[in-house]
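Here is a short briefing to read alongside the model. Please keep the viewer open as you go through the points.

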Amino acid sequence: MTSWASTAALFLMLFQAAQPAPRATVSPQTFVGTWVGTQSWAIQNPPPGARPDQPVTLTIDLMDGKLVGSMVPFMGGQDGATFVESKIVGEELQVSAVVGRPRPATLAPPPPANGDEGPQAPAPAGRGRGGRRGAQPPSWKDTAKIQFAFKNDGVNLTGTADVMLGDVKWLKFNYDLSKKRSRY
């Protein structure tokens, strides 16, 4: 081997040895449980009157091989946030969530195959203030999407939440949670 070839081979071996080993994906069971702690603002100018650290409870369960969960309160509201989709990437739990509970998709009957839509039923009328109304217009909660990211270091869970309105990043929160212990 020439000196150039042996130098290149030595460099390649040192480069490969210096690369970190790929991290194994952690078990979903690592994140299961009830976690209590605080939600804090991670934006430069939080709204006036916002509490710096709000107590929150995050509950995560494993159902049919999937992590499901919710956080109460979220952004100060008792509606909370509910997991819609979750996955573990390396050592991080990544969650898509919505404010409140996910609404079931409205099922409309399919149009007839011949293209004739036939007679249309009138939309239900509202009943005035405080009464039940027909179809509700979408609220900001329907367009808000939450992206949580959590890491577990044993008995502590830390993470962030990015709140998006449509395609616009709106708010960001930090989380510092600990595993809730059973009373003896």
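## Hairpins and the barrel

Let us begin at a turn: Gly154 has a positive phi near 115° in the hairpin of β6 and β7, which has three residues between the strands. This is a predicted model, in which local features need pLDDT of at least 70 and side-chain atom pairs count only at pLDDT 80 or more, while totals for chains, interfaces and linings use all residues. Residues are numbered from 1 along each chain as its sequence is written, and side-chain values use heavy atoms, with hydrogens and water left out. Helices (H or I, at least four residues) and strands (E, at least two) are DSSP runs, numbered from the N terminus.

**The chain as a whole**

- The protein chain holds two helices and eight strands, and from the N terminus on its elements follow the order α-β-β-β-β-β-α-β-β-β.
- Of the 184 residues in the protein chain, 23% are buried; buried means under 20% relative accessible area, exposed over 50%, and partly exposed in between (1.4 Å probe, protein chains only).
- The protein chain exposes about 13,300 Å², of which carbon and sulfur atoms supply 56%; accessible areas come from the Shrake-Rupley method with a 1.4 Å probe, and for residues only the protein chains shown count as cover.
- Taking contacts (heavy atoms within 4.5 Å) between residues at least 6 apart in sequence, 48% join residues at least 24 apart.

**The barrel and its strand pairs**

- Eight strands close into a barrel in the order β1-β2-β3-β4-β5-β6-β7-β8, and the pairing is antiparallel.
- From one strand to the next, the twist averages 30°; axes are lines fitted to C-alpha atoms, for helices over the stretch in contact, and angles run from 0 to 180 degrees between N-to-C directions.
- Two strands pair if DSSP finds at least two bridges between them.
- β3 and β4 are antiparallel and pair over two bridges, with Met71 opposite Ala81 in β4.
- Eight bridges join the antiparallel strands β4 and β5; here Ala81 stands opposite Val99 in β5.
- β5 and β6 are antiparallel with seven bridges, and Leu93 stands opposite Phe150 in β6.
- β6 and β7 run antiparallel and are joined by nine bridges.
- β7 and β8 pair in the antiparallel sense over 10 bridges, and Leu165 has Val168 in β8 as its bridge partner.

**Backbone details at turns and loops**

- In the hairpin of β4 and β5, with two residues between the strands, Gly90 takes a positive phi near 65°.
- Gly166 also has a positive phi near 65°, in the hairpin of β7 and β8, which has two residues between the strands.
- Most residues other than glycine have a negative phi, and most peptide bonds are trans.
- Asp64 is not a glycine, yet its phi is positive at about 55°; Asp64 lies in the loop between β2 (53-63) and β3 and is exposed, with a relative accessible area of 82%.
- The peptide bond from Val72 to Pro73 is cis, with omega near -20°, and Pro73 is in the loop between β3 (66-72) and β4 (81-89).

**The nonpolar core**

- A nonpolar core is a set of buried Ala, Val, Leu, Ile, Met, Phe, Trp, Tyr and Cys residues joined through side-chain atoms within 4.5 Å.
- The largest one has 27 residues, and those that touch the most other members are Leu58, Phe74, Ile146, Phe148, Phe150 and Tyr175.
- The elements giving two or more residues to this core are β2, β3, β4, β5 (92-99), β6 (144-152), β7 and β8 (168-179).
- Leaving out residues up to four places away in sequence, Phe74 touches Gln39, Gly80, Ala81, Val99, Ile146, Phe148, Val163, Phe173 and Tyr175.

- Asp162 sits in strand β7 (residues 156-165) and is the bridge partner of Gln147.
- The side chains of Asp162 and Lys172 are joined by a polar contact of 3.0 Å; a polar contact is a pair of N or O atoms within 3.5 Å, and within protein one must be able to donate a hydrogen and the other to accept it, while residues adjacent in sequence count only if both atoms are side-chain atoms.
- Beyond residues up to four places away in sequence, Asp162 touches Lys145, Ile146, Gln147, Lys169, Leu171 and Lys172.
- Pro46 is in the loop between β1 (33-41) and β2 and counts as partly exposed, at 37% relative accessibility.
- Pro46 and Leu171 are 125 residues apart in sequence, while their C-alpha atoms are 8.9 Å apart in space.
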